[in-house]
Amino acid sequence: MAVRVAIARLPGAGDLPLPTYATEGSAGCDLHASVEAERVLAPGERALVPTGVRIALPPGYEAQVRPRSGLALEHGIVLANAPGTIDSDYRGELKVIVWNSGSEPYVIRRGDRIAQLVVAAVTRIEWDEQ
């Protein structure tokens with residue numbers, strides 16, 4: 001079942017693709033880096049990478065920003081707060097906190113797939129104090 005989610009490209013991000021599923025069975029959509037110039041991430045360094053998009057999730061849903069396994073395995077690029085949660089009432093630009101846990105510098109280029117986004121239903125609870 002598909003859930004319709006409003007999305008907008010921010011000014012200057014018109015050349016970047018919208019988040020897309022790589023395959024029919026993919027759980028997450030790839031998020032792309034909206035950096036103006038190459039960004040070299042030294043070993044141990046963290047950076048906040050913009051994606052150039054903002055979304056409007058419907059109530060009852062959240063989006064989780066998760067690392068890409070290939071970047072983690074091959075380059076040590078992980079997300080500092082994985083999974084990062086985007087609440088249904090957040091309307092700002094999606095940004096990803098990447099961390100180079102590897103031993104070599106890593107270059108982030110415009111349009112690179114830097115993370116994936118999974119949208120999921122949220123169950124609200126009411127506490128029943130005993």
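This is a predicted model: local features need pLDDT of at least 70, side-chain atom pairs count only at pLDDT 80 or more; totals for chains, interfaces and linings use all residues.
**Exercise 1. Burial and surface**

**Exercise 2. Overall fold**

Task: Determine how many helices and strands the protein has, and in what pattern they follow along the sequence.

Solution: Begin with the count, which is one helix and 11 strands. Next, read along the sequence: the pattern is β-β-β-β-β-β-α-β-β-β-β-β. Then turn to the contacts between residues at least 6 apart in sequence; 71% of these join residues at least 24 apart. Finally, the C-alpha atoms fill a box of roughly 50 × 40 × 30 Å along the principal axes.

**Exercise 3. Strand 3 and its partners**

Task: Identify the strands with which strand 3 pairs, and describe where the side chains of strand 3 point.

Solution: Strand 3 comprises residues 29-32. Step one concerns strand 2 (residues 20-21), which pairs with strand 3 in the antiparallel sense over two bridges. Here, Cys-29 is the bridge partner of Tyr-21. Step two concerns strand 11 (residues 113-121), whose pairing with strand 3 is also antiparallel, over four bridges. In strand 11, Leu-117 stands opposite Cys-29. Step three concerns direction: Cys-29 and Leu-31 point one way, whereas Asp-30 and His-32 point the other way. All four of these residues are buried.

How values were computed:
Residues are numbered from 1 along each chain as its sequence is written. Side-chain values use heavy atoms; hydrogens and water are left out. Buried means under 20% relative accessible area, exposed over 50%, partly exposed in between (1.4 Å probe, protein chains only). Two strands pair if DSSP finds at least two bridges between them. Contact means heavy atoms within 4.5 Å.
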